[in-house]
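Please walk through the charged side-chain pairs of this protein, with the sequence and model at hand.

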Amino acid sequence: MRCPQCGTESAPQAAFCSRCGSRLLEVKPAAVREYVIALIRRSYWYYIGQIMVGAILTVAGMTLIFKGPQFIRPGFVILIIGIMVWALIPFAHRSVSWRITSDRLMESRGILATSRREVELQDIRSIEVTRRLRQRLAGLGDVVIASAASADYMIRMTDVYDPDGVAETVRKARLKRLA
């Protein structure tokens, strides 16, 4: 390293110049911006119950409407409720997301009232992948990431596609961050 005061070449690890004693400036790394590696959302299979309820209510409403004039009003009410159940599914789908960035893992919940939980990648203690039978049939699973900062602090990704791939993405991002 070259001394900024006298220009003498010093050892690379030296903190002070061997000739004049002035402090050697360390080259600071360029500012690295955080970037998103992956955005993960729950699968629509998570909402299969709501999809089925919406379908049953819609079919029941249509059946009542075509049954006769005395059933038209209740048929429309049931039909509209079924359509509203279907219309709310995309909002529920967007209300929970997990973002893997170059520095941290973030969990966001809610649309109007929101909450956010973060775990620094270097603080990750363990990554668990579980797949129940129903999830395995649909290609889904749960990924649980525990933080070393607290025993009770974890992020649980439920019903995500390719949970092994998600876990591997988190592992690679963590290793890259630690390097």
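Is glutamate 107 buried or exposed? Glutamate 107 counts as buried, at 8% relative accessibility; buried means under 20% relative accessible area, exposed over 50%, and partly exposed in between, with a 1.4 Å probe and protein chains only. The model is predicted, so local features need pLDDT of at least 70 and side-chain atom pairs count only at pLDDT 80 or more, while totals for chains, interfaces and linings use all residues. Residues are numbered from 1 along each chain as its sequence is written, and side-chain values use heavy atoms, with hydrogens and water left out.

The side chain of glutamate 107 meets that of arginine 109 in a salt bridge, at 3.2 Å from N to O. A salt bridge here is a side-chain nitrogen of Lys or Arg within 4 Å of a carboxyl oxygen of Asp or Glu. Arginine 109 is partly exposed, at 30% relative accessibility. The whole structure holds nine salt bridges.

Another of them pairs arginine 131 with aspartate 164, whose closest N and O atoms are 3.8 Å apart. This pair links distant parts of the chain, 33 residues apart: arginine 131 lies in the loop between β5 (124-130) and α3 (133-138), and aspartate 164 in helix α4 (residues 163-178). Helices (H or I, at least four residues) and strands (E, at least two) are DSSP runs, numbered from the N terminus. Arginine 131 is partly exposed at 34%, and aspartate 164 is partly exposed at 43%.

Salt bridges with shared partners join Glu34, Arg104, Arg116 and Glu118 into one network. Within it, arginine 116 bridges to glutamate 118, with the closest N and O atoms 2.4 Å apart. Arginine 116 is exposed, at 56% relative accessibility, whereas glutamate 118 is partly exposed, at 26%.
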